[in-house]
Amino acid sequence: MVTLPFYIASAVAIAATFMVITRLNAVHALLYLVVSLLAVALIFLLLGAPFAAALEVVIYAGAIMVLFVFVVMMLSMGPHGASEKWEKPGISAWIGPGILFAVLLAELLYVFGRTPYVPVHVAEVTPRQVGARLLGPYLLGVELVSMLLLVGLTGAFHLAYHLGKRETQKGAGGSR
Amino acid sequence: MNSQIPLEHGMALAAVLLLLGLVGVLVRRDAVFILLSLEIMLNAAGLAFIAAGARWAQADGQVMFLFILAVAAAEVSIGLALVLWLYHWHKTVDIDRARSLRG
């Protein structure tokens with residue numbers, strides 16, 4: 001009986017994600033997002049994807065969240081974050097996208113409602129299969145991702161390098 | 001590990017998470033929160049791929065999740081560097097204050 005943990009983890013993920021987008025304090029939102037990512041990792045495990053679950057914990061809940069924590073610490077936004085105001089969107093700006101979105105949602109619900117639920121046996125997909133697939137037919141994709149990561153690294157370095165130079169100049173000028 | 005989770009329920013969870021992320025992008029004006037919401041949306045897309053991969057017991061879903069993971073990592077590194085620039089120029093991370101190019 002693995003279905004019950006799936007629904008519990010789904011409820012936890014949705015609740016934690018809702019808390020993320022409603023918090024005013026960035027650190028609280030980050031903590032809730034870590035909870036949400038861990039719940040999604042549990043769901044990956046239940047869906048027979050242990051490799052993806054491990055990566056979710058290590059990279060999403062680990063590395064990316066640490067990046068966010070560092071930036072929040074560098075910004076020193078105070079206890080209530082930078083924006084205490086909520087955007088009050090005019091209702092007129094939401095009508096057009098809202099109608100189009102409602103049409104798509106109705107279509108989605110219609111399709112889901114028509115097809116009968118097929119209870120499937122979820123089989124585990126092992127890391128060995130994933131690796132064979134990744135370095136076989138998807139080798140070009142791996143190369144493209146490596147290019148993307150290189151571009152990301154170069155871009156982040158470029159931005160941070162000039163920012164650091166400006167800050168040190170400003171700091172030196174201010175001390176004189 | 002066998003389970004009887006219908007594909008539709010996994011997809012519905014992914015849709016709800018994606019919607020929550022979209023609402024976050026639309027409602028919040030804080031650049032850090034917008035990046036967080038983008039992470040939520042990318043994660044939901046990855047969940048959809050994993051659920052579909054589990055339905056047909058193929059490894060392709062997890063391969064796509066790996067690609068999404070790499071895209072998320074690259075996006076967040078560039079995005080956070082831009083947030084630091086925004087803070088440097090405007091002393092705030094409220095993106096409504098950044099209306100013009102070149103500061």
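This is a predicted model: local features need pLDDT of at least 70, side-chain atom pairs count only at pLDDT 80 or more; totals for chains, interfaces and linings use all residues.
Residues are numbered from 1 along each chain as its sequence is written, and chains are lettered from A in the order in which they are written. Local features need pLDDT of at least 70, and side-chain atom pairs count only at pLDDT 80 or more, while totals for chains, interfaces and linings use all residues; side-chain values use heavy atoms, with hydrogens and water left out.

The interface comes first. The size of an interface is often given as the accessible area lost when the parts come together. Here, chain B and chain A bury about 7,100 Å² between them, 75% of it on carbon and sulfur atoms (buried area is the accessible area, found with a 1.4 Å probe, that two parts lose on being put together, summed over both). In terms of contact (heavy atoms within 4.5 Å), 69 residues of chain B touch 82 residues of chain A.

Polar links can be counted too. Between the two chains there are 9 residue pairs in polar contact, both residues being at pLDDT 80 or more (a pair of N or O atoms within 3.5 Å; within protein, one must be able to donate a hydrogen and the other to accept it, and residues adjacent in sequence count only if both atoms are side-chain atoms). On the side of chain B that touches chain A, the elements giving two or more residues are α1 (7-27), α2 (31-55) and α3 (60-90), helices being DSSP runs of H or I with at least four residues, numbered from the N terminus. Of these, α3(B) gives the most, with 25 residues.

The count of salt bridges between the chains is 1 (a side-chain nitrogen of Lys or Arg within 4 Å of a carboxyl oxygen of Asp or Glu). A:Arg133 and B:Asp60 form it, with their closest N and O atoms 3.1 Å apart. B:Asp60 sits in helix α3 of chain B and counts as buried because its relative accessible area is 18%, where buried means under 20%, exposed over 50% and partly exposed in between (1.4 Å probe, protein chains only).

A:Phe44 and B:Phe65 are edge-to-face, at 5.1 Å centre to centre and 80° between the planes (ring centres of Phe, Tyr and Trp, the last by its six-membered ring, lie within 6.5 Å; planes under 30 degrees apart are stacked, over 60 edge-to-face and the rest tilted). A:Phe44 lies in helix α2 (residues 26-46) of chain A and B:Phe65 in helix α3 of chain B, so the pair joins two chains. Both A:Phe44 and B:Phe65 are buried.
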